[in-house]
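Let's take a quick tour of a protein model. Have the sequence and the 3D view ready, and follow along piece by piece.

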Amino acid sequence: MIKNINDKAQTLIMGIESSCDETAVAIVGRDNSGQKQILSNIILSQIEEHKPYGGVVPEIAARSHIDHLNKLIRAALKQAEVGLQDLSAIAVTSGPGLIGGVMVGLMTAKAVAYAQKLPLISVNHLEGHALSIRLTEEVVFPYLLLLVSGGHCQILVVKGVGHYQRLGTTIDDAAGEAFDKTAKILGLDYPGGPAVEQAALKGDPTRFKLPRPLKGRPGCDFSFSGLKTAVVRARDKLYQENDGQLRRQDIYDLAASFQEALSDSIMDRVKNAIDYYLLNYPLSNPILVVAGGVAANGHIKEKLGNICKMRGLTLMAPPMKLCTDNGAMIAWVGMEKYDLEQFSGFDIGAVARWPLDPDAPLAIGAGVKA
Ligand code: KG4
Ligand code: ZN
């Protein structure tokens, strides 16, 4: 009855994700031999709905999750060729994120779990990104994680399920946010990351001298808002020089210069994190995992690869479909927590802020994201 996975007794977890602008439902299975499989992983992006605004509008996001979630649950079950009665548990993102959207997912998960008498597993969205590599690869704890997405920019040591040491976080914008804002400044498409990366391929990264925020400073925190301001200034100067116009090549050169400055800044912070990790976690095979939407950026991945090579680390990244927001990563955390019997009561609520490392100091300016 169950597709693609042998029919020994197994654990089947449904994962529901609705914390930002993707409505996503997945079913992940594991058989008695420990073989894991994504039986379905359905993602409905709201990009087109938010495009006119150049960013995610929380109310539009929440309404869209309401419109689509039930349909996606049915589709995920159908694709996996299982019924609700076959599931072992329901895992759901209950934070951090845009609170309206998180509530839609959480209430739906509660209803299904209650009706089917299934365990409910509350999942931290960031933990979804942090552990997704273990769904596709045999990676053991502890490993170093660079989480770079539209809402987050952090470096952590992943010590175990629910056990994180945050080495650094952004004190203002997330890396993906910086890409998105730069795209808007340059009149490029939304979401900005892929558009800026494409434009940068045709540009000269040395033409504009942009700042490398926090470079050379101790620690592993990030900052990108000064870089964004520098891009605005460079663009305004170009406007003045060209009668209020931006020439194609100017856009390409500015995009390339921005990407170079941002990645330089990230690499500097990552080097500090690697030094700390190698010193405090001596391992025979140290690993750096990069996850989140910005991990799609070829330039950043290449630079990370070079640093890892120089310092004797293995660089790993989940497949792209698991890097951006998805339900499979939530189902996978569900599986890990199922094994540890970490179930939730029906009284849990949605939370906008939920740091992975509760002992890390609050980052100034990071708002609800850190
Ligand atoms: O992980 P994700 O799908 O959603 C969040 O949890 O935020 O990440 C989306 C972010 C967006 O800011 C997008 O511009 C960025 O990832 N992104 C990229 C690239 N592809 C997506 N940034 C840089 N280069 C890319 N190729
Ligand atoms: Zn995310």
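At what angle do the axes of helix α6 and helix α8 cross? The answer is roughly 10°, with the axes coming within 10 Å. Keep in mind that this is a predicted model.

**Two helices side by side**
- Helix α6 covers residues 175-185 and helix α8 covers residues 225-241.
- Angles under 35 degrees count as roughly parallel, so α6 is roughly parallel to α8.
- If you look at the handedness, the crossing of α6 and α8 is right-handed.
- On the α6 side, the contact is made by K181, T182 and I185, while α8 brings in K228, V231, V232 and R235.
- Sorted by class, this contact has three nonpolar, one polar and three charged residues.

**The sheet with β1 to β5**
- Strands of a sheet pair through backbone hydrogen bonds, either parallel or antiparallel.
- Here you'll find an open sheet of five strands, in the order β3-β2-β1-β4-β5, and its pairing is mixed.
- At the edges sit β3 (36-45) and β5 (120-124), and each of them pairs on one side only.
- From one strand to the next, the twist averages 20°.
- Strand β2 (residues 22-31) pairs with β3 in the antiparallel sense, over nine bridges.
- Within that pairing, A24 stands opposite I43 in β3.
- Helix α3 packs on this sheet and touches β1 (10-17), β4 (89-95) and β5; the direction of α3 makes about 160° with that of β4.

**The sheet with β6 to β10**
- Five strands make up this open sheet too, ordered β8-β7-β6-β9-β10, again with mixed pairing.
- Why is one side of β8 (163-169) and of β10 (314-316) left without a neighbour in the sheet? Both strands stand at the edges and each has a single partner strand, so there is no neighbour on one side.
- Ignoring direction, neighbouring strands in this sheet are turned by 25° against each other on average.
- Strand β6 (residues 143-148) and strand β9 (residues 287-291) pair in the parallel sense over four bridges.
- L146 stands opposite V290 in β9.

**Rings that pair up**
- The count of aromatic pairs comes to six.
- One of them is Y114 with F346, an edge-to-face pair at 5.6 Å centre to centre, with 85° between the planes.
- This pair links distant parts of the chain, as its residues are 232 residues apart: Y114 belongs to helix α3 (residues 99-116), and F346 lies in the segment after α12 (328-339).

Definitions and conventions
Residues are numbered from 1 along each chain as its sequence is written. Chains are lettered from A and ligands numbered from 1 in the order in which they are written. This is a predicted model: local features need pLDDT of at least 70, side-chain atom pairs count only at pLDDT 80 or more; totals for chains, interfaces and linings use all residues. Side-chain values use heavy atoms; hydrogens and water are left out. Two strands pair if DSSP finds at least two bridges between them. Axes are lines fitted to C-alpha atoms, for helices over the stretch in contact, and angles run from 0 to 180 degrees between N-to-C directions. Angles under 35 degrees count as roughly parallel, over 145 as roughly antiparallel, 65 to 115 as roughly perpendicular and the rest as oblique. A crossing is left-handed if the near helix is turned anticlockwise from the far one by less than a right angle, and right-handed if clockwise. Contact means heavy atoms within 4.5 Å. Ala, Val, Leu, Ile, Met, Phe, Trp, Tyr, Cys and Pro count as nonpolar, Asp, Glu, Lys and Arg as charged, and the others, Gly among them, as polar. Rings of Phe, Tyr and Trp (its six-membered ring) pair if their centres lie within 6.5 Å; planes under 30 degrees apart count as stacked, over 60 as edge-to-face and the rest as tilted.
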